[in-house]
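Please open the model in a viewer and keep the selection panel at hand.

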Amino acid sequence: MIVRISGEDQYRLDDSQRDQLNELEEKVVNIVESGAEDGFGDAFATLLQFVRDKGEPVPADDIESSDVILPPADVTFSEVTSDFTGEGLIPD
Amino acid sequence: MAGLTGRMSTVIKAKVSKLLDRAEDPSETLDYSYQKQVEQLQNVKKGIADVVTAKKRLQMQESSLQQSVVKLDTQARQAMAGGNEELARAALERKNVAQTELQGLDTQVTELEQQQEKLTDSEKKLRAKIEAFRTKKEVIKAQYSAAEAQVRISEAATGVGEQMADVGLAMQRAVDKTENMRARADAVGELEAAGTFDDITQLGSGEDDIDRQLKELSSQPAVDADLAKIKSELGQGSEPAPQIASGGSEPAGQGQ
């Protein structure tokens, strides 16, 4: 499974790590959907760190499409919030 | 693929795919997609140059503000030596504002430096992918039938396209940031030129009223302390001036 952290790198993760990745992401999504920023920064940083720690960076000259794309590390809460409603980081 | 991955990723990924669809014309020949990649690489280089320009601009403003700080400090000393405490206070208030602004600029310059590094890194990765694509394209063309080659090269082009979309996104964020900074820098420059420098706190910098009030509260003691320091250096202190920082042994301001 290839995971891209936008603005950073692509990482190759073992498929066995998918559940844990989903779990961490679900936490972030739950916070975003609650609309309250509390805990967003930490939860999101934990998610990205998991990818960096468990993943193997894909070499730059290796052409792969990602299975998962995560927002950049410096994404703001409002960018993420509005991405779930249509605008935000990447406008529709 | 959707459903296997989380919501956040699915949303972002769908958007990136949309970006790619918009950018890709199925009628394009395969060689043209390589040309387009090279063009995009040029855009990234231009984007990096823009960030560097914005950074230099802020650095120039920094050095002009530094000069203002020195000048205002001298003016305050001269005013005090001439017995005009009110004028001295006004100069010190401006100096304080300029110093605060300097700190803000410093943060912005650091931020732009990080943007520059990130973009340079992205450019390097994109260049490596494009180079790999060029080689792969030729190998595929030589090894497969035209129809099969088309499919395989399209796959590779999509992989490079994702990288391009990602670099594009990073560039857009950098541009937005530098534009915000430029607008603010321009406004500061205009205020400075118009002599209404102390209105700087009116500028939108993401601060709210509470921030501003707190800043005012904390700038007042700083101005008082500066004033007391100058007084004591001029031997005018009516009572022992509070010890401020480490500047106690500076020579007294030149009287007239």
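## First stop: B:Gln163

Select B:Gln163 and display its surroundings: apart from neighbours within four places in sequence, B:Gln163 is in contact (heavy atoms within 4.5 Å) with A:Arg4, A:Gln10, B:Lys125, B:Leu126 and B:Lys129. B:Gln163 belongs to helix H4 (residues 146-193) of chain B; helices are DSSP runs of H or I with at least four residues and strands are runs of E with at least two, numbered from the N terminus. With a relative accessibility of 5%, B:Gln163 counts as buried; buried means under 20% relative accessible area, exposed means over 50%, and partly exposed lies in between (1.4 Å probe, protein chains only).

This is a predicted model, in which local features need pLDDT of at least 70 and side-chain atom pairs count only at pLDDT 80 or more, while totals for chains, interfaces and linings use all residues. Residues are numbered from 1 along each chain as its sequence is written, chains are lettered from A and ligands numbered from 1 in the order in which they are written, and side-chain values use heavy atoms, with hydrogens and water left out.

## Second stop: salt bridges from chain A to chain B

Select A:Asp9 and B:Lys125 next. They form a salt bridge, with the closest N and O atoms 3.3 Å apart; the term denotes a side-chain nitrogen of Lys or Arg within 4 Å of a carboxyl oxygen of Asp or Glu. This pair crosses between the chains, from strand E2 (residues 9-12) of chain A, which holds A:Asp9, to helix H3 (residues 85-143) of chain B, which holds B:Lys125. B:Lys125 is buried, its relative accessible area being 14%.

Now select B:Asp166 and A:Arg4, whose side chains meet in a salt bridge at 3.5 Å, N to O.

## Third stop: the interface as a whole

Colour the residues of each chain that touch the other. The contact takes 39 residues from chain A and 33 residues from chain B. The size of an interface is often given as the accessible area lost when the parts come together. Here the buried area (accessible area, 1.4 Å probe, that two parts lose on being put together, summed over both) is about 3200 Å², of which carbon and sulfur atoms give 54%.

Twelve residue pairs, both residues at pLDDT 80 or more, are in polar contact across the interface of chain A and chain B. A polar contact is a pair of N or O atoms within 3.5 Å; within protein, one must be able to donate a hydrogen and the other to accept it, and residues adjacent in sequence count only if both atoms are side-chain atoms. On the side of chain A that touches chain B, E2, helix H1 (18-34), E4 and helix H3 (77-83) of chain A each supply at least two residues. The largest share of that side, six residues, comes from H1(A).

A:Arg12 lies in strand E2 and A:Asp62 in the loop between strand E3 (56-57) and strand E4 (68-70) of chain A, so the pair ties together parts that are 50 residues apart in sequence. A:Arg12 is partly exposed at 38% relative accessibility, and A:Asp62 is partly exposed at 25%.

Which residues have the most contacts inside the largest nonpolar core? They are B:Leu58, B:Leu119, B:Leu126, B:Phe133 and B:Val160, in a core of 32 residues. A nonpolar core is a set of buried Ala, Val, Leu, Ile, Met, Phe, Trp, Tyr and Cys residues joined through side-chain atoms within 4.5 Å. Helix H2 (30-81), H3 and H4 of chain B each supply at least two residues of this core, and H4(B) gives the most, with twelve residues.

Finish on B:Leu58, in helix H2 of chain B. B:Leu58 is buried, with a relative accessible area of 3%. Apart from neighbours within four places in sequence, its contacts are B:Leu105, B:Gln108, B:Val109, B:Leu112, B:Met181 and B:Ala185.
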